[in-house]
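Welcome, and thanks for taking a look at this one with us. Below is a short briefing to read with the structure open beside you.

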Number of protein chains: 2
Amino acid sequence: MPYRAPVRDLAFSLTAVAGVEQLEATGAFPDFDLDLMNAVLEAGGSFSEEVLAPLNRPGDLAGAKYANGAVTAAPGFADAYQQFAAGGWTGLTASIEAGGQALPKALELAAYETVHSANMAFGLCPMLSLAAIEALEAHGTEEQKTVYLPKLVSGEWTGAMVLTEPGAGSDLGALTATATPNGDGTYALNGQKIFITWGDHDATPNIVHMVLARLPDAPPGPKGISLFLASKFEVKADGSLGDRNDFRPVGVEHKLGIHASPTCVMSYEGARATLVGQPNQGLSHMFVMMNAARLAVGVEGVGIAEMAYQHALAYALERRQGRSIWTGEANAPIFDHPDVRRMLSVMKAKIEAARAICFSTGVAADLAKHAASEDDRKAWKGREDLFTPIAKAWSTDVGCDVASMGVQIHGGMGFIEETGAAQYYRDARITPIYEGTNGIQAMDLVGRKLSMDGGEAAKAVIAEMKVTLTALGKLYAGKPVERFKTAIEAVEDATLWLLDAKADAARAADVLAAADAYLKLLGDVVGGWMLAKGALAAKTKLEAGEGDPAWLEGKLGLYEVYAANVLGHVSSRLAAVGQGGDLLKKMSREALGA
Amino acid sequence: MPYRAPVRDLAFSLTAVAGVEQLEATGAFPDFDLDLMNAVLEAGGSFSEEVLAPLNRPGDLAGAKYANGAVTAAPGFADAYQQFAAGGWTGLTASIEAGGQALPKALELAAYETVHSANMAFGLCPMLSLAAIEALEAHGTEEQKTVYLPKLVSGEWTGAMVLTEPGAGSDLGALTATATPNGDGTYALNGQKIFITWGDHDATPNIVHMVLARLPDAPPGPKGISLFLASKFEVKADGSLGDRNDFRPVGVEHKLGIHASPTCVMSYEGARATLVGQPNQGLSHMFVMMNAARLAVGVEGVGIAEMAYQHALAYALERRQGRSIWTGEANAPIFDHPDVRRMLSVMKAKIEAARAICFSTGVAADLAKHAASEDDRKAWKGREDLFTPIAKAWSTDVGCDVASMGVQIHGGMGFIEETGAAQYYRDARITPIYEGTNGIQAMDLVGRKLSMDGGEAAKAVIAEMKVTLTALGKLYAGKPVERFKTAIEAVEDATLWLLDAKADAARAADVLAAADAYLKLLGDVVGGWMLAKGALAAKTKLEAGEGDPAWLEGKLGLYEVYAANVLGHVSSRLAAVGQGGDLLKKMSREALGA
């Protein structure tokens, strides 16, 4: 199944919906304009199509291999990674000084969407490097930056994030790995870590591990965790590689999906490391990067959904069964069965909604750093913070949902591994889990993000949605408009309910019982907002005679499909928002049959 | 992960919700009473726990194997099948004359739920035999019945259903396999068939294939298809096996799940066969059995969901992370996090709703045959017909949904194959596809079942739900009651809308565009009805001081959880019911990016 990068849709989402053109005025991205954007998307898309997509199914079959204390990437992956790095794709957003291109985060997300579509297991490798780069840029010493950043930005080396332990997953505060001073300013790391993505491989000569561990006498819990850098090989003064450091993989996991992404169990046995940032501030240093990593996972959800969609669409056009109710054609493509068309339309609508949420979050992140005034930067930071858990959780749910519909459209063939649809279904399933489960995202949303600044960020979104609602009356009459209105009111009701509940410490369990439903409500409605903005922009282009009319009419249709098939969910979300903690507490072990 | 057959819940669903005791009065099941029911459930549950569950994960790993024109069952499966047959589990519902026990279908479904929970790949083998038994009982000649039925009922041989071809899946009318008269009353079958579940194996000495094929000069399309019986080995006059017949497997599929269930590609090369039923009536003969097969797949959905639930519940009680908001305990079981408790509660509520829908459909099927008056039999047949697509589609969606939540509760461990949660997620995914995709079920519901007899069956359900609604006011105040009321109204609105639309031939596409949403609406609301009936029965038992109070209180809680988390969906289903065919038609190839 060939992949075609949806460059036209990516550019539309960035410009007509996410407003990426606002970034030009900041002056922070000197090389960035819409021409460059299109060139990057075209080039990135071609690379994904031609180099990465053909390795996806073979990578799933072969997997990454562990033997004798070392991991070998799936066949072709090391070479593809070299080409990827040579193309400059690991340095899109890094600073010019570090060898990067200082492009917007939002553009990087769009380029990486094509990588994840073509080969999500591959995409995880540079994705984790980007997180390591961000950690070093924010908290590294000058020496760490000088030695490691250029190699990571050029892609000559990769980075890995080393957090989880068997007893410390969602609760990182429970971790037990130790860092003991060696007396020369370095530390000796000891402990075992699990779920370390691309923690070892043979695609680059060196790997830089960013490791969370405890200093001696550190306070217990989350406030006693520090961040360290450990290089797989010693880096000598001349930049060449010296001795092997004392950490190694002791196995890779046998997983449901992303077989070509090695998920390593790592053992640190006196590994030499240097401190990154301040002692005991490791978790807060990591939190700075967490928004970016979570947003990147949201884009994975979009990417895998797009691939599953393309595959299903191609099959629906080719596979013939039964008579078309529309054309009367016998043995018609199943594309002409209304229920198949419904699935494809809902898939595409959800993909475009999730994509625009992620890209909008990216634009907000860029403006949070680079908008002209401090007030603007603060407002964009609020938007970024509010949208990040939605981008992560809602988009990855869309990834699983769309991949499942992709299997369904294939009928019995969807269950056969050779068809390929099943791989997306398997690969997608990790995305609601890692980088904080979607339940953790929902707790983050209602626990922290929603109430920042008195709920200002959520209120701003509601106000902007109302502006779009007014404009929407020019495009549609009746239900498509009413449904958005009802949906916005539901968000308002739920937001006020939650802000109220949060003000009462005795209702903490009510807030947590509402978390999942509130995140899904906000995601459903903000997704609809994104499609509504797209429909409005498409209408403007149609009236101006710009662009392919059938494609632009499609944007208007996608909003309508979404309004009928998704926006209606809001009332159910409201019901679950208000279910209360007592009801769930009542569901005891005995009630649940344990 | 050990499996525990939920015997108490199964019996509660059969009696307190599905009304299985009505079957005693029919006289058609002389041995059946509640004591026997409990004995069958206990014995079946123990067999599933002790023999079948331990083979589930090894069967997934080893799979069924094809080599040199023959299939070998996964290790241990052949022996387990012998024990299963020896226990009488293949003859629960067959007639006494054929060696069966003439027990109700509803009880068989409950016993088989435990089989599918413990080992769905195994369960498919007897499930397909039951379909062959039913086909022979309904349409076989006396000779076919004499020769084959006792061996199938005793489980000495198995049966296989041989329908699908590469070009004929959802549209069986397109099939091309041929049957040529041999001149001696037998026929020679030729053609290739795919997706033949347990089409070949080494667990029994003979396999009876029920094959759809075309006679010479048969009309084209669905009206030219006949049903044949082909035995893997010739059955000699003394009942012993003779020559091998000319059909054989040419491969097994490599699938996403149910690895231990061989999905065969079968080649018929002049295979000797006899006609079953009337020439060119093969499809209508098959349709008679289709309700039963579809209902059986619904029960697979319930079974796999129950297993996924038990696994997740056990993990949630054992895995410790973070502090409990309810007890203040540090490093508490994740069971004590409201969002985990929400998932478990919703899982159990959906399972019990789906289980009761399936068992109620089984009781309706039994009463459709055996109720005292013709009017009653007709009314129960209407209920069976209406509920069958819901039992199949809604319950299998629940299977996938619950299996996915089971993975999620495990966090990162859920994605690791050794944990086991991923297998249920993979296995469950076939159930919305086979025996008619869930889209086909929805078309069957709105196209045939809903409008039978002027919509009488749906109207009867609505009337009965209103009776329950009135009673529900004694248990709950406010929202739990309001939500059921709103839900019933939504079903009424949607039903009238659809009956109207169906009366207008020009709106055929509107009906098809509504199909999926209508099926889901009816499933959501009927599921709520089932839980409401369970809550009412639990309350009665509580007041009478019968049974475990915490467990019975749980039934009241499950309805409330379901009302908050599922019943609210009905408004979104209504929106999608009315979306109309024109909207979907507008989503052209160009609009969808093809």
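Let's start with how the chain folds back on itself: among contacts in chain A between residues at least 6 apart in sequence, 73% join residues at least 24 apart. Please keep in mind that this is a predicted model.

**Chain A as a whole**

- Chain A contains 17 helices and 11 strands.
- Its C-alpha atoms fill a box of roughly 75 × 60 × 55 Å, taken along the principal axes.
- A compact globule of 594 residues would have a radius of gyration near 25 Å, and the 24 Å of chain A agrees with that.
- Of the 594 residues in chain A, 64% count as buried.

**How the two copies are related**

**A buried tyrosine in chain B**

- B:Tyr559 sits in helix α15, which covers residues 549-565 of chain B.
- Is B:Tyr559 buried or exposed? Its relative accessible area is 0%, under the 20% cut-off, so B:Tyr559 counts as buried.
- Leaving aside neighbours within four places in sequence, B:Tyr559 is in contact with B:Leu472, B:Tyr476, B:Pro480, B:Phe484, B:Gly528, B:Leu531, B:Ala532, B:Ala535 and B:Leu567.
- For a sense of distance, B:Tyr559 and B:Val398 are 161 residues apart in sequence, with 16 Å between their C-alpha atoms.

- Strand β5 spans 187-197 and β6 spans 207-213, and A:Asp200 is found in the loop between them.
- A:Asp200 has a relative accessible area of 3%, which makes this residue buried.
- Not counting residues up to four places away in sequence, A:Asp200 touches A:Gly69, A:Ala70, A:Val71, A:Ile207, A:Lys232, A:Pro249, A:Pro262 and A:Cys264.
- A:Asp200 and A:Val235 are 35 residues apart in sequence, and their C-alpha atoms are 17 Å apart in space.
- A:Trp198 is found in the loop between β5 and β6 as well, and A:Trp198 is buried, with a relative accessible area of 2%.
- The phi angle of A:Trp198 is near 50°, a positive value in a residue other than glycine.
- In strand β5 you will find A:Phe195, where phi is near 60°, again positive in a residue other than glycine.
- A:Phe195 has a relative accessible area of 22%, between the 20% and 50% cut-offs, and therefore counts as partly exposed.

Methods: Residues numbered from 1 in each chain as written. Chains lettered and ligands numbered in written order. Predicted model: local features only at pLDDT ≥ 70, side-chain atom pairs only at ≥ 80, totals over all residues. Heavy atoms only, no water. Helix = DSSP H or I, 4+ residues; strand = E, 2+ residues; numbered from the N terminus. Rg over C-alpha atoms; globule rule 2.2 N^0.38 Å. Buried < 20%, exposed > 50% of the residue type's maximum accessible area, 1.4 Å probe, protein only. Contact = heavy atoms within 4.5 Å.
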